[in-house]
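Colleague: Hi! Could you walk me through this one while I have it open?

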Amino acid sequence: MIVYGRLLLMMFWFKTIQKSPELYLFYCKFVFDLVISFISFIKMIIYGLSMTSWADFFFANHWLTFMFVWPVSSFSTLRAILVLLIAMDRTCATYIPIKFFKYRKLIPTSFIIGAVLSYSIIDISVAFLICQIDLSTPTDCVSAQCINGACYQRYWLVFSQILYALIIALTLLLCLKIFFWNKANLSGDLKRANRLAMINAFILFIFNFLPPIANSVFSNYFEYVGAMNSVCQTLGFVVESWLTNVSMRQKYRVTVVTSSGKVVQRSTVEKFSEYK
């Protein structure tokens, strides 16, 4: 939360990091990561309290736990869809650059974000209409599988694995094009966008793709190792946010020398974006 919050403030409030049109979807992903990190922080506090004398309270009022457990799963699904669109965006820009830059400007970033958020309607329908999550019956656990129900958790695991597999496949195509086939000179912004996409795919594979597979193979592993999905996801956010922060600050911070000879760090005037 601290790293992503600071990064967003430096870009949109203090303007010490220059914004780039090629990274607008990444900025939206940073917001998703910040929101998920905040909700996960509250969820982990509840997990900790459930190991104390407060356990009976959370078992009897598991709707309270649900208010923080289910949104993490739901927002993680939306984030995965956004990352898939980013991977498609970067792969198309690398393989078919002429057609991409010709037609990409016809699809506003706001439309893409709206399409991603609209999937929440399907997610809510699956949770409450198809899986019919019960919030009134007391439980004796606080894990996501117990709170969300086996039906929704199975849907979420399968859907996440499919999305992450597609993201990894697209990123591998991107890597092949960049490292073996592509001899053209790319602009600095496009190189950074591709780099961020590859960093994100690597983090997804290690911290988001493998834990759900382990959860599918060992359905009761929460009883032995705890909230491993949440821990791995949060650790992935930490690693990714640090790498992203280093990359963004090194590449986008602009040095300006004032008339008095003082060196300051600030961004240049933001250029008009055809993607906006």
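Colleague: Let's start at Thr91. Is it buried or exposed?

Modeller: Thr91 counts as buried, because its relative accessibility is 7%, under the 20% limit for that class. Do keep in mind that this is a predicted model.

Colleague: Which helix does Thr91 lie in, and what is it in contact with?

Modeller: Thr91 lies in helix α4. Leaving aside neighbours within four places in sequence, Thr91 is in contact with Leu170, Leu173 and Leu174.

Colleague: And the polar atom of that side chain, which backbone oxygen lies 3.2 Å from it?

Modeller: That would be the backbone oxygen of Leu170, 3.2 Å from a polar atom of the Thr91 side chain.

Colleague: Okay, now Thr171. Where is it found, and is it buried or exposed?

Modeller: Thr171 is found in helix α8, which covers residues 150-181. Thr171 counts as buried, because its relative accessibility is 7%.

Colleague: Which backbone oxygen lies by the polar side-chain atom there?

Modeller: The one from Ile167, at 2.7 Å from a polar atom of the Thr171 side chain. As for what Thr171 touches, not counting residues up to four places away in sequence, the list is Ala87, Ala197, Met198 and Ala201.

Colleague: Let's zoom out. How many helices and strands does the chain have?

Modeller: The secondary structure comes to 11 helices and two strands. Along the sequence the pattern is α-α-α-α-α-α-α-α-α-α-α-β-β.

Colleague: What share of the residues is buried?

Modeller: Of the 276 residues in the chain, 45% count as buried. The accessible surface comes to about 14,600 Å², and 71% of that belongs to carbon and sulfur atoms.

Colleague: And what about contacts between residues 24 or more positions apart?

Modeller: Among contacts with a separation of 6 or more, 78% are between residues 24 or more positions apart.

Colleague: Where does UniProt place the "transmembrane region" feature?

Modeller: The UniProt record, an unreviewed entry, places that feature at residues 24-47, 67-88, 109-130, 162-181, 193-210 and 222-243. In the model, residues 24-47 are 100% helix and 0% strand, with the end C-alpha atoms 35 Å apart. Residues 109-130 are also 100% helix and 0% strand, and there the end C-alpha atoms are 31 Å apart.

Colleague: Nice. What does the largest nonpolar core look like, and which members touch the most others?

Modeller: That core has 54 residues, and Met11, Phe30, Tyr152 and Met248 touch the most other members. The elements giving two or more residues to this core are α1 (2-12), α2 (24-49), α4, α6, α7 (144-148), α8 and α9 (188-217). Helix α4 gives the most, with 11 residues.

Colleague: Tell me about Tyr152, then. What is it in contact with?

Modeller: Beyond neighbours within four places in sequence, Tyr152 is in contact with Trp70, Ser73, Ser74, Asp123, Val126, Ala127, Cys131 and Ile133.

Colleague: Trp70 has a ring of its own. How many aromatic pairs are there in the whole structure?

Modeller: The search finds 15 aromatic pairs. Trp70 and Phe128 form an edge-to-face pair, 5.9 Å centre to centre with 65 degrees between the planes. This pair links distant parts of the chain: Trp70 is in helix α4 (residues 62-95) and Phe128 is in helix α6 (residues 109-130), 58 residues apart.

Colleague: Why does Trp70 count as buried, and what about Phe128?

Modeller: Trp70 counts as buried because its relative accessible area is 13%. Phe128, at 34%, is partly exposed.

Colleague: Which residues form the aromatic cluster with Tyr4?

Modeller: Tyr4 is in one cluster with Phe12, Tyr24, Tyr27 and Phe30.

Colleague: How about Val3, where is it found and what does it touch?

Modeller: Val3 is found in helix α1 and is partly exposed at 32% relative accessibility. Not counting residues up to four places away in sequence, Val3 touches Ser241, Trp242 and Asn245.

Colleague: Last one: what is phi of Gln132?

Modeller: Phi of Gln132 is near 50 degrees, a positive value in a residue other than glycine. Most residues other than glycine have a negative phi. Gln132 is in the loop between α6 and α7, and at 57% relative accessibility Gln132 counts as exposed.

How values were computed: Residues numbered from 1 in each chain as written. Predicted model: local features only at pLDDT ≥ 70, side-chain atom pairs only at ≥ 80, totals over all residues. Heavy atoms only, no water. Helix = DSSP H or I, 4+ residues; strand = E, 2+ residues; numbered from the N terminus. Buried < 20%, exposed > 50% of the residue type's maximum accessible area, 1.4 Å probe, protein only. Polar contact = N/O pair within 3.5 Å; in protein donor to acceptor, adjacent residues only side chain to side chain. Contact = heavy atoms within 4.5 Å. Phe/Tyr/Trp six-rings, centres within 6.5 Å; stacked < 30°, edge-to-face > 60°. Core = buried A, V, L, I, M, F, W, Y, C linked by side-chain atoms within 4.5 Å. Areas by Shrake-Rupley, 256 points an atom, 1.4 Å probe, with all protein chains shown as cover. UniProt positions renumbered as here; feature names shortened; annotations may be inferred.
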